[in-house]
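Biologist: Can you walk me through this structure? Keep it short, please.

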Amino acid sequence: MRTGAEVVAGVGLADRPRKSRWPARMDLAQSLTGLVLGLFMWGHMFFVSSILVSKDAMWTITKMFEGYFFFGTAYPGMVSVVVAGVTVLFVLHALLALRKFPANYRQYRAFAAHRRLLHHGDTTLWWVQFMTGFALFFLASPHLFQMLMHPGLIGPYESSDRVWSGSWWPLYLVLLFAVELHGGIGLYRLAVKWGWFEGTDPNVSRKRLSMLKWSLTVFFLVLGLATLGAYMKIGYEHRDRVGERYVPAWVKPAPEQGGAK
Ligand code: HEM
């Protein structure tokens with residue numbers, strides 16, 4: 001419908017400059033990249049935690065990703081391809097998120113004042129997601145670079161040596177809390193934003209979603225801490241043999257005779 005002013009001015013709807021669809025597209029892209037990264041992290045935590053089952057279990061998962069059971073030879077480069085894909089998604093997601101960061105100190109002060117005034121749970125969650133997202137820029141980058149450049153150095157002894165003797169455990173400890181809080185809140189906010197799992201009563205649905213979110217976050221934090229503890233313990237026990245590769249007893253003979261590389 002044309003407004004009074006437009007009728008007077010003789011301006012129709014078709015004459016109005018079209019609103020850009022880019023903000024909506026960028027919002028969708030941010031949601032999609034976040035969703036894929038969140039689901040990837042669930043898979044990642046399960047694969048990495050195979051060390052809790054046994055060293056052989058972790059070795060088997062590692063070799064599976066290197067195509068060993070398919071080609072008969074391990075190709076660690078295959079892992080680099082996956083890492084490159086995850087890194088692209090990570091950078092894209094971070095770039096899109098930058099749009100929502102306070103642009104200057106005044107904007108930051110205004111948001112902080114509103115947050116204090118509102119005392120609203122989901123607004124505080126946004127704040128935690130913002131802070132952990134900022135931390136992830138720095139914490140996840142070294143890990144991704146290491147995995148990209150040295151995919152062949154993943155394994156029960158190789159990873160444990162890195163975690164303990166290479167002193168990576170403090171970074172992993174902080175990264176674990178940052179990524180689990182960020183991912184859990186992110187997936188919860190996606191569900192609220194796009195109306196997933198919405199029942200007849202929005203308040204009840206939101207409470208249920210919040211419960212689910214906290215349960216998942218606690219579950220993955222406990223799993224992650226146990227996993228990190230296992231790598232630290234194996235690394236500590238292996239500290240005098242740093243650099244030795246793990247090969248399960250049932251895989252020997254050695255690489256040159258067709259065993260694992
Ligand atoms: C395809 C990409 C990735 C690969 C191949 C990968 C692989 C691994 C491996 C093998 C470990 C065991 C420790 C080690 O070997 O150093 C590990 C640990 C860990 N990774 Fe990743 N990772 C990837 C991406 C990420 C991302 C994007 C994050 C978070 C933003 C992340 C967070 C962690 C954390 C917190 C640990 C410590 C283990 C724990 O506490 O359970 N990883 N990762």
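The chat below covers confidence, the ligand and some helix pairs.

Biologist: What kind of model is this?

Modeller: This is a predicted model. The protein chain has an average pLDDT of 90. A pLDDT of at least 70 is reached by 90% of the residues.

Biologist: Where does pLDDT stay under 50?

Modeller: Over residues 257-261. For that stretch the model has 14 contacts beyond four places in sequence.

Biologist: How should predicted coordinates be read where pLDDT is low?

Modeller: Not in detail.

Biologist: On to the ligand. How many residues surround the ligand, and which are the closest?

Modeller: The ligand is surrounded by 26 residues. A140, S159, G224, T227 and L228 are the closest.

Biologist: Which helices each supply at least two residues of that shell?

Modeller: Helix 2 (22-48), helix 5 (77-98) and helix 7 (121-149) do. So do helix 8 (156-164), helix 9 (169-194) and helix 10 (202-237).

Biologist: How do the shell residues divide into nonpolar, polar and charged?

Modeller: The shell has 20 nonpolar residues, 5 polar and 1 charged.

Biologist: Now helix packing. At what angle do helix 2 and helix 9 pack?

Modeller: At about 130 degrees, and their axes are 10 Å apart. That angle makes helix 2 oblique to helix 9.

Biologist: Is the crossing left-handed or right-handed?

Modeller: Helix 2 crosses helix 9 in a left-handed way.

Biologist: Which residues meet there?

Modeller: Helix 2 brings S31, G34, L35, G38 and M41. Helix 9 brings V179, G183, G186, L187 and L190. By class, this contact has 5 nonpolar and 5 polar residues, with no charged ones.

Biologist: What about helix 9 and helix 10, what is their angle?

Modeller: About 160 degrees, with the axes 10 Å apart. Helix 9 is therefore roughly antiparallel to helix 10. Their crossing is right-handed.

Biologist: Which residues make the contact?

Modeller: On helix 9 they include W169, Y172, E180, G184 and Y188. On helix 10 they include R206, K213, F220, G224 and L228. This contact divides into 14 nonpolar, 4 polar and 3 charged residues. G224 and L228 are also among the residues closest to the ligand.

Biologist: Last pair. How do helix 8 and helix 10 pack?

Modeller: Their angle is about 90 degrees, and their axes lie 7 Å apart. So helix 8 is roughly perpendicular to helix 10.

Biologist: And which residues make that contact?

Modeller: P156, S159, S160, D161, V163 and W164 come from helix 8. Y231, M232, I234, G235 and Y236 come from helix 10. S159 is another of the residues closest to the ligand.

Methods
Residues numbered from 1 in each chain as written. Predicted model: local features only at pLDDT ≥ 70, side-chain atom pairs only at ≥ 80, totals over all residues. pLDDT = per-residue confidence, 0-100. Contact = placed C-beta atoms within 7 Å. Near = placed C-beta within 6 Å. Helix = DSSP H or I, 4+ residues; strand = E, 2+ residues; numbered from the N terminus. Nonpolar A, V, L, I, M, F, W, Y, C, P; charged D, E, K, R; others polar. Axes fitted to C-alpha atoms, helices over the stretch in contact; angles between N-to-C directions. Parallel < 35°, antiparallel > 145°, perpendicular 65-115°, else oblique. Left-handed = near helix turned anticlockwise from the far one by under 90°.
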